[in-house]
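Work through the exercises below with the model in view. Try each task before reading its solution.

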Amino acid sequence: MRNLLFAAASLSLLVSAPSMAAPCKDAKGRFTKCPKAPAKTVRCKSANGKFAKCGTAGAKPV
């Protein structure tokens with residue numbers, strides 16, 4: 001019984017591996033440039049340690 005479950009788990013990993021290996025393909029299966037990760041947003045804190053808008057007086061980027 002264990003061998004059967006192990007074989008089924010191994011087979012499912014082999015079947016799903018190609019979809020994880022090539023995330024940068026278009027609809028036709030050709031390789032394309034991967035999109036860049038979005039830039040992190042800048043967050044600012046006020047003098048008392050609370051988050052504030054970056055344009056306010058005394059706010060510094062974290």
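Two strands pair if DSSP finds at least two bridges between them. Helices (H or I, at least four residues) and strands (E, at least two) are DSSP runs, numbered from the N terminus. This is a predicted model: local features need pLDDT of at least 70, side-chain atom pairs count only at pLDDT 80 or more, and totals for chains, interfaces and linings use all residues. Residues are numbered from 1 along each chain as its sequence is written, and side-chain values use heavy atoms, without hydrogens and water.

**Exercise 1.** Find the order of the strands in the open sheet.

Solution. 
- Start with β1 (residues 44-45): 2 bridges join this strand to β3, and the two run antiparallel.
- Within this pairing, Lys-45 stands opposite Lys-60 in β3.
- The open sheet has 3 strands in the order β2-β1-β3, with antiparallel pairing.
- β2 (51-52) and β3 (60-61) are at the edges with a single partner strand each, so one side of each has no neighbour in the sheet.

**Exercise 2.** Locate the disulfides (cysteine sulfur atoms within 2.5 Å) and describe Cys-44 and Cys-54.

Solution. 
- The structure holds 2 disulfides, in the pattern 1-2, 3-4, counting bonded cysteines along the chain.
- One of them joins Cys-24 and Cys-34, with sulfur atoms 1.5 Å apart.
- Cys-44 and Cys-54 form a disulfide with sulfur atoms 2.0 Å apart.
- Cys-44 lies in strand β1 and Cys-54 in the loop between β2 and β3, so the pair ties together parts 10 residues apart in sequence.

**Exercise 3.** Is Cys-44 buried or exposed?

Solution. 
- Apply the cut-offs: buried is under 20% relative accessible area, exposed over 50%, partly exposed in between (1.4 Å probe, protein chains only).
- Cys-44 has 4% relative accessibility, so Cys-44 counts as buried.
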